[in-house]
Amino acid sequence: MSKERRVALLGGIAYLITFAASIPALPLLEPVTDHADYVLGAGQDTQVVLGGVMELVTAFACVATALALYPVTRRVSRTAALGFVSSRLVEAGLILVGVVSVLSVVTLRQDLGGTDAPAGLTTVAQALVDVRDWTFLFGPGIMSAINALFLGTMLYRAGLVPRSLPVLGLIGAPLMVAKCMVVAFGGMDDLSVVSLLLTLPIAAWEFGLGLWLTFKGFRPSPVLTRDSVPA
């Protein structure tokens, strides 16, 4: 296996892991994210902690996508490649803040919850859930659009994958930003049908790219044999 094929394989697997970990994490975290009185009941702590671990894996896989592809993306544009790594790091950081917020609710329930819970405990728990909601909006939301602009532009310029894939990402990026802004200002719910439709192009871009890199690899391109590294 050539070096470039290994790079593509690792990057593709990392992209697929983000889907494999993030999708099941959402229902696992629902006992906390959808119920403000979680801290007062018996709780489903094991399930919620498992969801937090899945989001932790998602954060690490996000960073891995950029680091794995860097040996090739830097040959297209070192600036854009570093931008992609940086945006992925920001996304992972926001995801981790959300994970800590949700798991803090679990700790509150274990330490202070129950029928004799202190007054205002539910308010504190809801505030932590609100933090998670905002990190989810700006992490997997806004930052996924920034990621698509950096990586999609590089892959389109170099022709390393079918151009329909980066075009899908470049179309989805402004749609995702618009969706997040509307949600942020209270124009619609983040889980509404319209919101999910606006998210679909970015999701299809990332999933399609993961599949292509895993099973096909990079297309032949002068970038793969280039000695110099553009700025």
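This is a predicted model: local features need pLDDT of at least 70, side-chain atom pairs count only at pLDDT 80 or more; totals for chains, interfaces and linings use all residues.
Reader: Is C62 buried or exposed?
Author: The cut-off for buried is under 20% relative accessible area. C62 has a relative accessible area of 2%, so C62 is buried.

Reader: What is the relative accessibility of C180, and does C180 count as buried or exposed?
Author: C180 is in no disulfide either. C180 belongs to α5 and is listed with the buried residues of that helix. With the cut-off at under 20%, C180 counts as buried, at 0%.

Reader: Where is the kink in α5?
Author: α5 has 21 residues. From first C-alpha to last, α5 reaches 30 Å, close to the expected 30 Å. Still, α5 has a kink of about 25°. The kink comes shortly before the proline P174, at G172.

Reader: What covers the buried residues of α5?
Author: The buried residues of α5 include L165, G169, G172, M176 and V183. K179 is also one of them. Their cover includes α4 and α6.

Reader: At which residue does α1 bend?
Author: α1 covers residues 3-33 and has 31 residues. The helix reaches 43 Å from its first C-alpha to its last, close to the 45 Å expected. The bend is about 35°, at P27.

Reader: Which element gives the largest share of the largest nonpolar core?
Author: The largest nonpolar core has 34 residues, and those with the most contacts inside it are L151, L160, W205, L209 and F218. Elements that give two or more residues to this core are α1, α2, α3, α4, α5 and α6. The largest share, eight residues, comes from α4.

Reader: Which residues is L151 in contact with, leaving aside its neighbours within four places in sequence?
Author: L151 is among the residues with the most contacts inside the largest core. Two of its contacts, W205 and L209, are also in that group.

Reader: How many residues are in the second core?
Author: This core is separate. Its members include L29, L108, L121 and V129. The count is 12 residues.

Conventions:
Residues are numbered from 1 along each chain as its sequence is written. Side-chain values use heavy atoms; hydrogens and water are left out. Helices (H or I, at least four residues) and strands (E, at least two) are DSSP runs, numbered from the N terminus. The expected span of a helix is 1.5 Å times one less than its number of residues. The bend at a residue is the angle between axes fitted to the seven residues ending there and the seven starting there. A nonpolar core is a set of buried Ala, Val, Leu, Ile, Met, Phe, Trp, Tyr and Cys residues joined through side-chain atoms within 4.5 Å. Buried means under 20% relative accessible area, exposed over 50%, partly exposed in between (1.4 Å probe, protein chains only). Contact means heavy atoms within 4.5 Å. A disulfide is a pair of cysteine sulfur atoms within 2.5 Å.
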